[in-house]
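Subject: Structure for your files

Hello,

Here is the structure we talked about handing over. Notes on a cavity and a helix contact follow below it.

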Amino acid sequence: MVKIEDQQPLLVQHFTKLLEDQQLIHAYLFVGPTGSGKRELALWIAAGLFCQNRQNGRPCKNCDECQRIFSGNHPDVIDLVPDGASIKVEQTRFLKKEFSSSGVEGRQKVIIIEQAEKMTTSAANSLLKFIEEPSGQVTAFLLTSNLQRLLPTIISRCQLFKMQLPSQKQLVINFEQARIKTAQAKLLAGLTVDLQTAIEMATAGKVFEICQALEQWYGKILENDWLAFVDVQAQILPLLDSKKDQELLLQLLELLSKDLLNLSAGMKPNYFNQLPEKLMTKIKNYSLKQQLAAVELLLDQQRLYQENINFQNSLEALTLRLFKCYDGL
């Protein structure tokens with residue numbers, strides 16, 4: 001597992017100084033995708049607050065306080081995870097109680113709210129009241145991967161930090177060190193920064209099946225083979241067992257669009273490395289207008305998905321539009 005000191009060195013350095021100077025404020029907002037170290041950084045700061053042997057602002061990680069915090073067993077470090085699609089009424093009541101009470105073992109308390117974008121309006125208003133009128137020595141950390149879904153009033157009253165993300169090259173190295181094949185590691189580096197998620201996806205293998213189906217589908221479109229339309233129902237949809245799989249396919253379409261842009265600029269694809277050379281050459285023969293129009297069509301699938309357009313109908317319509325794009329412009 002990558003240590004938070006290595007994953008987020010600049011933020012660790014920043015909060016080390018704040019801990020050393022005792023200048024933490026009462027509300028922070030950490031933004032970044034799953035695996036970027038949001039929770040780990042919040043726990044590291046919490047350990048720095050409670051550590052019995054803190055050195056130069058940094059927790060020792062070995063004392064009883066640190067061990068309890070990192071194992072999730074400290075009564076004054078509350079780590080709240082949404083129950084399902086949102087933070088439920090019971091969890092909101094729990095938050096109100098925790099924000100208004102002092103610590104169990106001392107005056108200091110840390111509250112970590114994971115997936116903060118899932119707060120209901122009631123929960124968000126309770127948090128807003130605390131942020132505007134903080135009581136006691138309570139420090140809150142809001143963690144989110146979707147900043148746009150948080151209330152602007154919440155965002156404006158927290159100190160916001162965006163997680164530093166590793167380069168694609170570093171991600172590939174990390175994944176390769178976990179014994180993921182290079183070609184697979186390159187694809188996964190476009191989908192996640194979380195090593196554990198990458199390992200799980202590589203082990204399950206479905207992402208590579210969907211990727212292969214998309215490569216065959218797009219190859220047929222470029223060859224003006226109308227069997228691509230049949231592939232939607234016969235080859236692609238049978239691989240999509242859930243909304244999560246549908247969302248994965250949309251991510252892959254976005255990566256495909258990036259590869260198409262690379263090809264239009266004379267570069268090699270980063271993610272879809274199994275596209276036959278003759279097809280990559282064929283793409284280059286189309287005008288820049290055609291290539292950009294195709295990319296726009298692929299990227300537009302995310303919007304259609306959010307508007308709850310029937311998924312099969314959307315993919316079939318995309319196939320027809322791509323045929324027209326390459327043949328008709």
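**The cavity and its lining**

Helices α15 (288-306) and α16 (311-328) each contribute at least two residues to the lining of the largest cavity. Helices here are DSSP runs (H or I, at least four residues), numbered from the N terminus.

The model is predicted: local features need pLDDT of at least 70, side-chain atom pairs count only at pLDDT 80 or more, and totals for chains, interfaces and linings use all residues. Residues are numbered from 1 along each chain as its sequence is written, and side-chain values use heavy atoms, with hydrogens and water left out.

Searching the whole structure gives 1 cavity of 30 Å³ or more. A cavity is a set of points on a 1 Å grid over the protein atoms alone where a 1.4 Å probe fits but cannot get out, and lining residues have an atom within 4 Å of a point. The volume of the largest cavity is about 30 Å³, counted as the space filled by probe spheres set on the points. Its lining consists of L250, Q301, L304, Y305, I309, F311 and S314. α15 supplies the largest share, 3 residues. By class the lining has 5 nonpolar, 2 polar and no charged residues (Ala, Val, Leu, Ile, Met, Phe, Trp, Tyr, Cys and Pro count as nonpolar, Asp, Glu, Lys and Arg as charged, the others, Gly among them, as polar).

**The helix contact**

In α9, Q184, L187 and L188 meet V207, F208 and C211 of α11 (contact means heavy atoms within 4.5 Å). This contact has 5 nonpolar, 1 polar and no charged residues.

Regards

Note on methods
1 Å grid on protein atoms, 1.4 Å probe; cavity = no way out; pocket = protein on both sides within 12 Å on 5 of 7 lines; lining within 4 Å.
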